[in-house]
Amino acid sequence: MKKTILSLMMMGSLALSAQNTPTQITIHADQAKTKIPKEIYGQFAEHLGTCIYGGIWVGEKSNIPNIKGYRTDVFNALKDLQVPVMRWPGGCFADEYHWMDGIGPKEKRPKMVNNNWGGVVEDNSFGTHEFLNLCEMLGCEPYISGNVGSGTVEELAKWVEYMTSDGESPMANLRRQNGREKPWHVKYLGVGNESWGCGGSMKPDYYSDLYRRYSTYCREFDGNKLYKIASGASDYDYNWTKTLMKNAAGHMNGISLHYYTCKGWSGSKGSATKFSRDEYLWTMAKSIEIEEVVKKHISIMDSLDPKKRVGLLVDEWGTWWDQEPGSHPGFLYQQNTMRDAFVAAMTLNIFNKYTERVKMTNIAQVVNVLQAMILTDGPKMVLTPTYHVFKMYKGHMNATNLPLDVQCGELTYNDKKIPAVSASASKNDQGGILITLANVDPDREQRVEIALDGLKSAKINGTILAGKGIDSYNTFDKPNEVVPTVFKGAKITKTGISVILPAKSIVALEL
Ligand code: AHR
């Protein structure tokens, strides 16, 4: 009780200082040099709970409207998001997945138990063809996560051949027999997932050797160029990155990193929708800590790969709360509030800054799992606040990052400081500028002065995402509690742009 009162008092006084200090943002357009790869806005779809079955795939015979088995509402929402890349089939599931079980006539596909996620039966009706065809229909890059933990070198090598060979090879012929004449374009290949944990409980030296061995046999067929990704560290495990970079950097194009905004791996993770202000502040502080973590992994990579040849791929990130009451404990189905939207907005603003090294990120996960874009329940579907953030930010994809400085007030959580305003800016090939801003202060609006030269004749299209509270969320019955609306609080001044950023809001300005 004491602690809560104290922290509320502390927050109150610091929020006041955030209000009194106008936020100054200086955009250094002259220092722009790095493109934000579209893959920074990537997604992740695992055979976990109802992400694939029920969420993406219902089968052609379903009563739920579908396009070739993919549910129409979800497909259209993802198309609208312009998903750039999708990681599949896991996660932990990937290291128990045997791809040959998921090809050929559906009635002949063997079933398996999904040991990682709830012990449910997986019937393999969604396999390689279903995933790669989905990516083609969405116009996104597939990112295949290969099985190193329980699979063989031969199995992974043959999967690559099956997907990408155009020649007279045994696997290409098998693919043709299964109805697909031409190979798919597959660039991103993960060689294992969380190999220190669910992917095989390995030590970094041992995994380095396995990585070298498995990746050697993942061949490039008929002009298909692979981007090979080593299974990387979790959070603060800098030794994993260092060992892998020392032992195997020459064999990889990228190495991954996982970072969840999560209270811990045992015990309660907290409710997705019912949380105190203190828990809100904890969430903000924990989510922006990703910047320090990314920077430390980057500095290790810089010392061993100064030319930045190897990319860092944050291929799992996002919030992880307790599953919704009444839902299957192994399905990781959670609601998604404005708090989650702030985590997405601030994290994406951070990622945009480090794209000299960070080449892809994949939020976990796309539908019905963890910090999802979309929730479904039978025929019902709803878009989450996080979906709307991704949509508001999509103009950053393939645009050039405009470095910026933010001077603003701070909130605090214990000894952690949380800047009240988070920002990012980019310029696209047509000269259009996108500025994304988040005011995480739950109580106070922020007056923001943005210094940016050469804007006198610009027109501003503003969009704002805000709910009644930081815990507002959309449900199947009330899908419009948190949706983007037109924002009129920005105007061009002599020196740039002046913005009144309402409390607890996320704003995108297109110039
Ligand atoms: O995204 C859920 C799980 O989190 C993934 O399967 C695993 O890689 C991570 O531990």
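The model is predicted, so local features need pLDDT of at least 70 and side-chain atom pairs count only at pLDDT 80 or more, while totals for chains, interfaces and linings use all residues. Residues are numbered from 1 along each chain as its sequence is written, and side-chain values use heavy atoms, with hydrogens and water left out.

Let us start with helix α2, residues 72–81. Helices here are DSSP runs (H or I, at least four residues), as are strands (E, at least two), numbered from the N terminus. Val74, Phe75, Ala77, Leu78 and Leu81 of α2 are buried, where buried means under 20% relative accessible area with a 1.4 Å probe, protein chains only. Looking down the axis of α2, you would find these buried residues within an arc of 165°, so they line one face of the helix; the arc is that of the directions from the helix axis to the C-beta atoms. After α2 comes glutamine 82, with a positive phi near 55°.

Next, visit the loop between β7 (120–122) and α3, where asparagine 124 lies. Asparagine 124 is buried, and its relative accessible area is 0%. Leaving aside residues up to four places away in sequence, asparagine 124 touches several residues, including Tyr53, Tyr97, Asp101 and Arg109. Contact means heavy atoms within 4.5 Å.

Now for helices in pairs. Two packed helices are described by the angle between their axes and the distance between the axes. The axes are lines fitted to C-alpha atoms, for helices over the stretch in contact, and angles run from 0 to 180 degrees between N-to-C directions.

Helix α3 (residues 128–138) and helix α4 (residues 153–164) have axes that come within 12 Å and cross at roughly 50°. The two helices are therefore oblique to each other. Angles under 35 degrees count as roughly parallel, over 145 as roughly antiparallel, 65 to 115 as roughly perpendicular and the rest as oblique. On the α3 side, Thr128, His129 and Leu132 meet Trp159, Tyr162 and Met163 of α4.

Helix α9 (residues 290–304) and helix α10 (residues 338–353) pack at about 25°, with axes 10 Å apart. This pair is therefore roughly parallel. In their contact, Ile290, Glu291 and Val294 come from α9, and Thr347, Ile350, Phe351 and Lys353 come from α10.

Methods
Buried < 20%, exposed > 50% of the residue type's maximum accessible area, 1.4 Å probe, protein only.
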